[in-house]
Amino acid sequence: MRVQTTIQKWGNSLAIRITGPLRTIPHFRADMPIEIRVSEKRLVIYPLAMPKKRKLRLLKEAELLKGLTAEKAHADEIFDIYHREFENHE
């Protein structure tokens, strides 16, 4: 397939719009990672495999707080900050 288009200015950069068959034949999508290979006479764009989306496991409150101590939570520092704020400054 051959398509003629124009390189356009986009902010301080140059851009080529990928539309119609240019987009659908290689299955390009927005936010898709690509590899660009450049030589003296050509620029070639290859689609890369999309990273698999990971499902997040929902944690219960007990799991989140497991092993938490006042020292690990820096409770002494938090208390000290608030303690200084509420001192009587007469």
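R37 forms a salt bridge with E35, and the closest N and O atoms are 2.5 Å apart. A salt bridge here is a side-chain nitrogen of Lys or Arg within 4 Å of a carboxyl oxygen of Asp or Glu. Before I go on, this is a predicted model: local features need pLDDT of at least 70, side-chain atom pairs count only at pLDDT 80 or more, and totals for chains, interfaces and linings use all residues. Residues are numbered from 1 along each chain as its sequence is written, and side-chain values use heavy atoms, with hydrogens and water left out.

Back to the pair. Are its two residues buried or exposed? R37 has 46% relative accessibility and counts as partly exposed. E35 is partly exposed too, with a relative accessible area of 29%. On this scale, buried means under 20% relative accessible area, exposed means over 50%, and partly exposed is in between, using a 1.4 Å probe and protein chains only.

How many salt bridges does the structure hold? There are 2. Besides the one between R37 and E35, the side chains of R57 and E63 meet at 3.2 Å, N to O. R57 is exposed at 62%, while E63, at 38%, is partly exposed.

Now the overall layout. The protein chain has 3 helices and 4 strands, and from the N terminus on the order is β-β-α-β-β-α-α. Helices (H or I, at least four residues) and strands (E, at least two) are DSSP runs, numbered from the N terminus. Of the 90 residues of the chain, 3% count as buried.

Next, the strands. β3 and β4 run antiparallel and are joined by 5 bridges. Two strands pair if DSSP finds at least two bridges between them. The hairpin that joins β3 to β4 passes through 4 residues. Which residue of β4 is the bridge partner of V38? That is L43. R37, from the salt bridge with E35, stands opposite V44 in β4.

Strand β1 covers residues 8-10 and includes K9. K9 is exposed, at 64% relative accessible area. Its side chain reaches the backbone oxygen of G11 at 3.2 Å. That is a polar contact, meaning a pair of N or O atoms within 3.5 Å; within protein, one must be able to donate a hydrogen and the other to accept it, and residues adjacent in sequence count only if both atoms are side-chain atoms.

In the segment before β1 we find V3, partly exposed at 45%. V3 and P21 are 18 residues apart along the chain, and their C-alpha atoms are separated by 9.1 Å.

Now for the pockets. Rolling a probe the size of a water molecule over the atoms shows where empty space is left. The work is done on a 1 Å grid over the protein atoms alone, with a 1.4 Å probe; a pocket is an open set of points with protein on both sides within 12 Å along at least five of seven lines, and lining residues have an atom within 4 Å of a point. Grid points are joined across faces, edges and corners, and a volume is the space filled by probe spheres set on the points.

The largest pocket holds about 630 Å³ of space. Its lining has 21 residues, and those nearest the centre are I16, I18, L22, L43 and I45. Which elements supply at least two residues each to this lining? They are β2 (13-15), α1 (20-24), β3 (34-38) and β4 (43-47). By class, the lining of the largest pocket has 17 nonpolar, 2 polar and 2 charged residues. Nonpolar covers Ala, Val, Leu, Ile, Met, Phe, Trp, Tyr, Cys and Pro; charged covers Asp, Glu, Lys and Arg; the others, Gly among them, are polar.

The second largest pocket has about 190 Å³. I18, R23, F28, R29, A30, D31, M32, I34 and I45 line it, which gives 6 nonpolar, no polar and 3 charged residues.

One of these lining residues, D31, sits in the loop between α1 and β3. D31 is exposed, at 79%. Its phi is near 65 degrees, a positive value in a residue other than glycine.
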